[in-house]
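Here's a quick briefing on one protein model. Have a look at the chain below first, then read on for the helices and a few local details.

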Amino acid sequence: MEAARPTEETGNPPRALVRLGAVALAVGTGVALWLLPGPVQPEGEAKQQPRAPSATPSAARQRPASGPAMPRYRAFLRVSDGPVPDPSGTARTAGVRWFVLGHLIAGPDGCTARWAGVPSARAGAVTGRVAGIAARLRADGRHAWPVFGGPGGPELSAACPDQERLTAAYRQVIDALRPTGIDFEINDPSDPAASRRRSAAIALLQREARDRGRPLRVTFTLPATERGLAQTDLAMLRTARASGVTIDGVDLLVPLRPGGLIRLLTAARSAHRQLAAVLGVTGRALWRRMGLTPVLDSPADLGPLQARRLAVFRARTGLGWLSTGGARPGDETVRVLAGPGPARDDQGESVATVGGTTRVP
């Protein structure tokens, strides 16, 4: 009997200790792999996953707006009372196809849109110049989208209680700029009445655009943390879908601190899980409808090594676009984000800086 008992070789650790170490290694490796970009998922694989529940039966039938593929690069153009930079040259030399123009907020009467930082007396002249720039970009095959909301003041739906006047205010901007899409940067989604007014107006404008054979795309820009999106933001998106709005994308604003790349990627993965239930799509198809915007306090917050990891993350997940907000990153970081390989998509889109904000595909 004694001969049958396993013996431990001299100098080797007890087997129980070995097992404990193996378990700890497996758990640590699993966490690390979860944080790193996952493998590219074949297009058909998402169809085999359980379908996320939709907000309403009508929402389940919603699809992104038809037409040419939405560009993956958005360069922010800050509209101000001074000279508005003409991005046409930048678009031609850097290959930028997608600009967002901001920010449009509520004017003094609450139901008229104006550019943040532009006095009401100058709003008409500035809008005329912006319309001219948008027309030149459009003629060159580019896109110029207005951004409603942002940090400069209340978004129109929060200040205008009249549904017809609110819809008319949005329509006036769309008629002036003739964009292929619009973006909403919502800072206070906790007002259900404002969400319903905004959603009803957007749904109507999208129907009008479809009737004219020129679909209007809609994206939302929202803050995110490691836990993902706030419940109020998710509720606002559900209200939009339930009202018939087709949501073509959600851009995540995530503050980035030195060494905080894991926080950024964790926020993206958390939001991906949340948006599967809200938007009714999963896997790579959902990643294509998401953008990721690290907000920088200083150029040192995002270095070349982190930029390479972000580019790989985008390439492997199929993330729709990367962006940076706040401080402009260093030139080498910009070159990495815009360079060949994972940081450049199959359309060859690159990077540009307009108005102090860099947007990367």
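Helices (H or I, at least four residues) and strands (E, at least two) are DSSP runs, numbered from the N terminus. This is a predicted model, so local features need pLDDT of at least 70 and side-chain atom pairs count only at pLDDT 80 or more, while totals for chains, interfaces and linings use all residues. Residues are numbered from 1 along each chain as its sequence is written, and side-chain values use heavy atoms, with hydrogens and water left out.

**The chain overall**

- The protein chain has 12 helices and 13 strands.
- Buried residues account for 49% of its 361 residues; buried means under 20% relative accessible area, exposed over 50%, and partly exposed in between (1.4 Å probe, protein chains only).
- Take the contacts (heavy atoms within 4.5 Å) between residues at least 6 apart in sequence: 79% of them join residues at least 24 apart.

**Helix α7 and its neighbours**

- Helix α7 covers residues 192-211, and its 20 residues should span 28 Å at 1.5 Å a residue; the end C-alpha atoms are 29 Å apart, which agrees. The expected span here is 1.5 Å times one less than the number of residues.
- Buried residues of α7 include Ala 194, Arg 197, Ile 202 and Leu 205.
- That buried set packs against α5 (156-159), α6, β5 (181-185), β6 (217-225) and α8 (231-242).
- Helix α6 (residues 163-177) packs on α7 at an angle of about 50°, with the axes 9 Å apart. Axes are lines fitted to C-alpha atoms, for helices over the stretch in contact, and angles run from 0 to 180 degrees between N-to-C directions.
- The α6/α7 pair is therefore oblique: angles under 35 degrees count as roughly parallel, over 145 as roughly antiparallel, 65 to 115 as roughly perpendicular, and the rest as oblique.
- On the α8 side, Met 236, Thr 239 and Ala 240 meet Ser 195, Arg 196, Arg 198 and Ser 199 of α7.

**Helix α9**

- With 19 residues (261-279), α9 should span 27 Å; its end C-alpha atoms sit 26 Å apart, which agrees.
- There's a bend of about 25° at Arg 273, taken as the angle between axes fitted to the seven residues ending there and the seven starting there.
- 15 of the 19 residues of α9 are buried, so the rest of the structure largely encloses this helix.
- Gly 280 follows α9 and has a positive phi, near 80°.

**Strand β2**

- Leu 101 lies in β2 and counts as buried because its relative accessibility is 1%.
- Among the residues Leu 101 touches, leaving out those up to four places away in sequence, are Leu 77, Trp 115, Ala 144 and Leu 177.
- The C-alpha atoms of Leu 101 and Ala 144 are 6.7 Å apart, though the two are 43 residues apart along the chain.
- The Gly 102 to His 103 peptide bond is cis, with omega near 0°, and His 103 is in β2 (residues 98-106).

**A loop residue to check**

- Arg 178 sits in the loop between α6 and β5.
- Arg 178 isn't a glycine, yet its phi is positive, about 50°.
- Arg 178 counts as partly exposed because its relative accessibility is 44%.
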